[in-house]
Amino acid sequence: MPADRAGYTVTMFVIDVSPSLGKMRTIQLPPGPDGKLRSKGITNLEWALEFVLLKVHEMILNGRKTDQCGVILFGTTESRNCVHLEHGGYENVTEYISITQPTTKTLDMISAIRPSTVHGDALDGLIVAIQTQTNHLGRKASWTCKIVLITDGESEFATSGWEKAAERLNELDVHTTIIGIDFDDEGYTEKGKSEPKRRNEMFYRELESQIVHGRLGSCYLALEDCALPEVKFIKPPAKNITFTIGDHEFKLGEAIEISARVHKVTVEASPMTLKKFIKRESTTCNDVHGDTTVESRAGDDGGSTRTTLVAVDREKKYLVKSQPEMGTETETKTQTQVQEELAQEDEKKSGMQVHADDLVKGHKYGATWVIMEDGFEKLPTKLGIEVIGFMHASKLNRSYLMGEVHCLSADHNSAHDQIALSSFIRAMVIKDVLAIVRWVHSNEAEPRMAVCSPVVEPAADYMFMVRVPFAEDIRNYAFPSLDNLGNQKRESVPKPPHLTTDAMVHAMEEWVDAMDLMEAEEQDDGTKGPWFDTSRSYNPAIHRTKQALFYAATVNDLEKDPLPPPHPELTRYFQSPEHVRDKAKKSLETLKKVLDVKLVPQKVAGKKKVNIVDATEYIGEDFSVADLLEEDSSGASSIGPSASLASLSLKGQANHASVGWDMPRDTGQPSNNDSDIEEDNHGPVTPKRSIKPAQRPNQQLFTPSTSPATKNSPPKLRTRGEADIRPGRIIGNAFPLDDFKNNLERGDIVSKALQDMGAVIMEIVGESCSMRRYDEILLCMKEMRSTALQEDDIGLWNTCGICRHNGTAL
């Protein structure tokens, strides 16, 4: 598609307002929140004006002063146009909006157009538009002229002399578009069409065929084309630059300088930015001042009160935080001084405001700031492109290409420079090399590195130029091998369990081949072609926002007229083709089976059990330390080594009744009192509680003969079932030293074993009965420290809780 210059366009909208345009039609709306289908009734003129409003919206959005438009109405009750004033005739034609840059007022005027009671002549309106456009442009031959004629074809008019109008359009190179309401197209034929409309439609088709830049279509297709995402093709201005080959500073006689031009080929498109406004109510339009004020579209109630939207601008302030004074002597202050200090307290909290002119720039160098009042001295660079060297095309790393693509071509007005640059480009093609250049886009600007790729075409030879990074901009990261893994001792692991096998790789290849999209779509000639086309892949963030903005500006009530769904072309590549997904189902199931893919259950945060014991709640109650520790006759505690006294929750009653435990002592024989024991399906055997009479104040409590916290107490035999290994660990609390040694024999989980050993030791030390396992803890610490030294994992020992508590590091 040829690129047009952005702006410099005058578009004339010639609109038919005959009485037939007041005919009602039904428009389907998007379904409501409840899924119910909705519709609305509008006139044919309102339906056609939606196309005009969308086109004007686009001009306003571009914001170019050289993008102008005007509106001509034919079929009006009055006659007001330039041709009628000079030569007479051309009645019922009105210049409704003069040619100017469109604004929001232009939208309001277009929305206010209503059908009249007089039939109009389309040829008169077309001729008036041509003359009005010619008078406005004058000698501006470089501007693009466009005329859009909108009609329903129901009004009869004289068609004599239309050939001269077509010749005039071709002479002025006017791009003419004729839009007919309910005109026939490839997918639609109107039924019950009147005879005048049939004749007029044939006339419009003949007129369009005689215009060089003429197009004709129905209003439905025109509105659909407006909703279609469109990529803008523009011709950016070129910049003159000097292309140098060789050293022009020290070997000027051997250097070659070529006059060239550089312009952009691609420009990154970004979504439009949003600006914040504040709503204000005003009774008259004179209350609004300034360019940042936008009036909201008037409603249908016709009230005098209007809502205005005032843009909110940012204000930047520079504040210096106050530093507290250290070492000041205490002085006696008067009441006035105290009041002044209190008045300045708020200002000190926020900081003292300074003017922007008093600021200086500085750069951080380590922990200090280096002040650069005048900034750095600019580099003495000059505008131009200098060839640094060449590289083979196959050696280019495509990940180094950054930024936008530029086109480098010779000066069009110099044949000598065109021949010189063409010879250089063709030599690069023969050698299959790329040029590495140093690019300075303006004097005293920072230099850039770029790579140039030659392109040879029959019309011209040129080069594509793309920026590449400097050596400091590249970061190389080394990752461990996925095929050859090793342990902490740098020994190779023969068969790691988490590496892929040949069966897994083969299954993945089968699935990837089944999802191939290079031959997934049937072309027009019947052959298979690629399904994805980059030129038809649009950014939803840009086009959907644009669609919503245009629609909201033309509709007064979005609840009654909701935003329509996005265009199908916008969501074309949201999902892969259905037949490709069906084809890949079998290979996908095979892949899941080989990889043993399972659904990972969602982690549910468990609730922590909180046991709160009031130390003063059971003073004077009938219980003893022996009851708490459940000692048998030999003095051995029946509580497991990993349990703590905090796990025995004692809850008092309102009358301070004493709570005791009635359970058989460990006498070596089974107990016959089965009623005192309850079986819990979710935990160990739990004894029943029994209420005893309250203890008298003068009754002494029983004290055991041997304290359970002494090292001489006979330890109870521990079993794996009472303190099993916790989930996520490889070392348990019951036999930590044995578990640690067993895991060290494997050789590949040393770090994990050290981490778990440190955590287990801290848990055992934190238990109330840890004194019984004092010797065992010392052995675990010695073994852990020795292993950390041997396996070069000193950091695990120094950072564990044991080292922090004891203050010893390796």
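Mentor: What follows goes from the sheet as a whole to one strand pair, then to a helix. This is a predicted model, so local features need pLDDT of at least 70, side-chain atom pairs count only at pLDDT 80 or more, and totals for chains, interfaces and linings use all residues. Residues are numbered from 1 along each chain as its sequence is written, and side-chain values use heavy atoms, with hydrogens and water left out.

Start with the layout. The sheet is open and has six strands, ordered β5-β4-β1-β6-β7-β8. Its pairing is mixed. Strands here are DSSP runs of E, at least two residues; helices are runs of H or I, at least four; both are numbered from the N terminus. Two strands pair if DSSP finds at least two bridges between them.

Now the edges. These are β5 (93-100) and β8 (214-218). Each has a single partner strand, so one side of each has no neighbour in the sheet. From one strand to the next, the twist averages 15°.

Next, one pair. β1 (residues 9-16) runs parallel to β4 (residues 67-74), with eight bridges between them. Within this pair, Val-14 has Ile-72 of β4 as its bridge partner.

Finally, the helix. α4 (residues 122-137) packs on the sheet. It touches β1, β4, β5, β6 (144-151) and β7 (174-180), where contact means heavy atoms within 4.5 Å. The direction of α4 makes about 160° with that of β1. Axes are lines fitted to C-alpha atoms, for helices over the stretch in contact, and angles run from 0 to 180 degrees between N-to-C directions.
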